[in-house]
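Trainee: Could you take a close look at one part of this protein with me? I would like to go through its salt bridges.

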Amino acid sequence: MRSMPKHAGTVAFVGAGPGDPGLLTLRAVELLGRADIVVADSPPSPEIARHFSAEVTIVDLSAVESDRPLTKAERAKAVVDAAKSGKSVARLLAGDPLFDGEGTDEAAACAKAKIAFEIVPGVPVAA
């Protein structure tokens, strides 16, 4: 008997805007509600988390045990690994996913791993 190949999931890089849940796009709300896994840099606010499904798994990158902040490569690996589980992943990023380049690096890692992804713009955080 042959086993079927395991298919990778998908990743949506979702711009959370400056933190006001009223500024989330409709597409962001839709994808957050469908996500099996949400990967975030810190615990999402209750106002944003209310859009998640009851069964969602939240991966809080700030809670990863380390004596230092994660590198960009380590963050990208966490996103790719989550998608390799075959799940639908929402990578929640403050502001706009492409504004500071973090989403760009992680999207490139997904492309290299042949994982389908989508980028959902958000309102940039004022500097």
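Is Arg91 buried or exposed?

Mentor: Happy to, and keep in mind that this is a predicted model. Arg91 counts as buried, because its relative accessibility is 0% and the cut-off for buried is under 20%. Its charged side chain has a partner there: Arg91 forms a salt bridge with Asp41, with the closest N and O atoms 2.9 Å apart. Arg91 sits in strand β4 (residues 88-93), while Asp41 is in the loop between β2 (37-40) and α2 (46-49), so this pair ties together parts that are 50 residues apart in sequence. Asp41 itself is partly exposed, at a relative accessible area of 24%.

Now let's set other pairs beside that one. In total, the model has 9 salt bridges. One of them joins Arg27 to Glu118, where the closest N and O atoms are 2.8 Å apart. This pair also links distant parts of the chain, with Arg27 in helix α1 (residues 26-34) and Glu118 in strand β5 (residues 116-120), 91 residues apart. Arg27 is partly exposed at 31% relative accessibility, and Glu118 is partly exposed too, at 28%. Arg27 and Glu118 also belong to a network of salt bridges that includes Glu30 and Arg34.

Finally, have a look at Arg68 and Glu74, whose side chains meet in a salt bridge at 2.8 Å, N to O. Here Arg68 is partly exposed at 41% relative accessibility, and Glu74 is partly exposed at 29%.

Terms used:
Residues numbered from 1 in each chain as written. Predicted model: local features only at pLDDT ≥ 70, side-chain atom pairs only at ≥ 80, totals over all residues. Heavy atoms only, no water. Salt bridge = Lys/Arg side-chain N within 4 Å of Asp/Glu carboxyl O. Helix = DSSP H or I, 4+ residues; strand = E, 2+ residues; numbered from the N terminus. Buried < 20%, exposed > 50% of the residue type's maximum accessible area, 1.4 Å probe, protein only.
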